Amino acid sequence: MSTGTTRDYYEILGVGRDASASDVKAAYRRLAIKYHPDRNPDPPDAEERFKEASEAYAVLSDPDKRASYDRFGPQGLEGQGFTGFDPAAFGDFADILGDL
């Protein structure tokens, strides 16, 4: 994992293990708005929390990665080439903030 996260991805996003894909996306968007470093430069942990949420979303939004994570935990991701945050995977950040 890229940020060294040891917390559970579901805990990071604040959703249950039975959360739907839309619940996962909504939780990520909420945290992205709250912790994005461009919007919240003052809290020293905002950037780290944003990266943590992005990493959790990258796994839980991909059905194959989520299945491996659910079955094997973080070790289940090691053989899948998980490299962490990929900005291209999340589209335009303006889409996330578009509701504001």
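Helices α3 and α4 are roughly perpendicular to each other in this predicted model. Their axes cross at roughly 100 degrees and come within 6 Å. Angles of 65 to 115 degrees count as roughly perpendicular, so the pair falls into that class.

**Contact of α3 with α4**
- Helix α3 spans residues 46-60, and helix α4 covers residues 63-72.
- On the α3 side, the contact is made by Ala58, Val59 and Leu60, while α4 contributes Lys65, Arg66 and Tyr69.
- By class, four of these residues are nonpolar and two are charged, with no polar residues.

**Aromatic pairs**
- The whole structure contains three aromatic pairs.
- Tyr10 and Tyr69 form a tilted pair, with 6.1 Å from centre to centre and 40 degrees between the planes.
- This pair links distant parts of the chain, as Tyr10 lies in helix α1 (residues 9-13) and Tyr69 in helix α4, 59 residues apart.
- Both partners are buried: Tyr10 has a relative accessible area of 2%, and Tyr69 one of 5%.
- The pair of Tyr28 and Tyr57 is stacked, because the ring centres are 4.5 Å apart and the planes lie at 15 degrees.
- Tyr28 belongs to helix α2 (residues 21-35) and Tyr57 to helix α3, 29 residues apart.
- Tyr28 is buried at 3% relative accessibility, as is Tyr57 at 12%.
- Tyr9, Tyr10 and Tyr69 are joined into a cluster by ring pairs.

**Overall chain**
- The protein chain has five helices and zero strands.
- Of its 100 residues, 36% are buried.
- Among contacts between residues at least 6 apart in sequence, 62% join residues at least 24 apart.
- The accessible surface comes to about 6,000 Å², with 48% belonging to carbon and sulfur atoms.

Definitions and conventions:
Residues numbered from 1 in each chain as written. Predicted model: local features only at pLDDT ≥ 70, side-chain atom pairs only at ≥ 80, totals over all residues. Heavy atoms only, no water. Helix = DSSP H or I, 4+ residues; strand = E, 2+ residues; numbered from the N terminus. Buried < 20%, exposed > 50% of the residue type's maximum accessible area, 1.4 Å probe, protein only. Contact = heavy atoms within 4.5 Å. Areas by Shrake-Rupley, 256 points an atom, 1.4 Å probe, with all protein chains shown as cover. Axes fitted to C-alpha atoms, helices over the stretch in contact; angles between N-to-C directions. Parallel < 35°, antiparallel > 145°, perpendicular 65-115°, else oblique. Nonpolar A, V, L, I, M, F, W, Y, C, P; charged D, E, K, R; others polar. Phe/Tyr/Trp six-rings, centres within 6.5 Å; stacked < 30°, edge-to-face > 60°.
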